[in-house]
Structures are given as C-alpha cells and as structure tokens.
Amino acid sequence: VLLTMTGGATDFDLDSDDKDRLLEGLTDTAKSVGAWFTTGGTSAGIMKYMGLARLLYANDIPLIGIASFGVIKGKEAME
C-alpha cells in the first residue's frame, strides 16, 4: 500500500495543532495498513510535512521521493 500526497510545492505553514494532527494522522494511517509514503521528492509543501511526519513519528516507514530531473540539485553532473 502506498500513501501518496500530491499538490503544489508551494511552501505553507500550519499552526502547531494542525501540524501535529496532520503528522500523527499520516503516520497512524500508514502504520495501520502497512503503507509506504511516496512524494514528489522535494522538501516543499505537503511533501515536506510527509518527510517530517516520518522523521518524528515513524522512521521505520519507507519513504520514496520521485523528483523530476529539473528540480534535482547538481543535475549538471549527471548530464
């Protein structure tokens, strides 16, 4: 099972209570069904919060980030 969150990579802030509910909800859901997290592979927007949820509450949940080539830092070395 993959738990995927998509959306814009625009950075946004959540107040402390909303952030805690989101982070705990993501990890509780993933743990209850044995899911892996998948994201767009950047540290922005909702993807940042998925990474933070994993870091703080469930570092045993696999997280796969699939970023487009255009956003990879240092991509010139791979060309």
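Me: What covers the buried residues of α1?

Reply: In this predicted model, the cover over the buried residues of α1 includes β1, β2 (36–39) and α2.

Me: How do you know that the buried residues of α1 line one face of the helix?

Reply: Leu 23, Leu 26, Thr 27 and Ala 30 are buried in α1. Viewed down the helix axis, the buried residues of α1 fall within an arc of 85°, so they line one face. The face turned away from that buried side carries the exposed residues Asp 17, Arg 21 and Ser 32.

Me: What makes Asp 15 a cap of α1?

Reply: A side-chain oxygen of Asp 15 lies 3.1 Å from the backbone nitrogen of Asp 17, at the N-terminal end of α1. A polar contact requires N or O atoms within 3.5 Å, and 3.1 Å meets that limit.

Me: Why is the pair of Phe 12 and Tyr 49 called tilted?

Reply: The structure holds 1 aromatic pair. The ring centres of Phe 12 and Tyr 49 are 5.3 Å apart and the planes stand at 40°. Pairing needs centres within 6.5 Å, while stacked means under 30 degrees and edge-to-face over 60; the pair is therefore tilted.

Me: Why is Tyr 49 called buried, and why is Phe 12 called partly exposed?

Reply: Buried means under 20% relative accessible area and exposed over 50%. Tyr 49 has 4% relative accessibility, so Tyr 49 counts as buried. Phe 12 has 32%, so Phe 12 counts as partly exposed.

Key:
Residues numbered from 1 in each chain as written. Predicted model: local features only at pLDDT ≥ 70, side-chain atom pairs only at ≥ 80, totals over all residues. Heavy atoms only, no water. Phe/Tyr/Trp six-rings, centres within 6.5 Å; stacked < 30°, edge-to-face > 60°. Buried < 20%, exposed > 50% of the residue type's maximum accessible area, 1.4 Å probe, protein only. Helix = DSSP H or I, 4+ residues; strand = E, 2+ residues; numbered from the N terminus. Arc of directions from axis to C-beta. Contact = heavy atoms within 4.5 Å. Polar contact = N/O pair within 3.5 Å; in protein donor to acceptor, adjacent residues only side chain to side chain.
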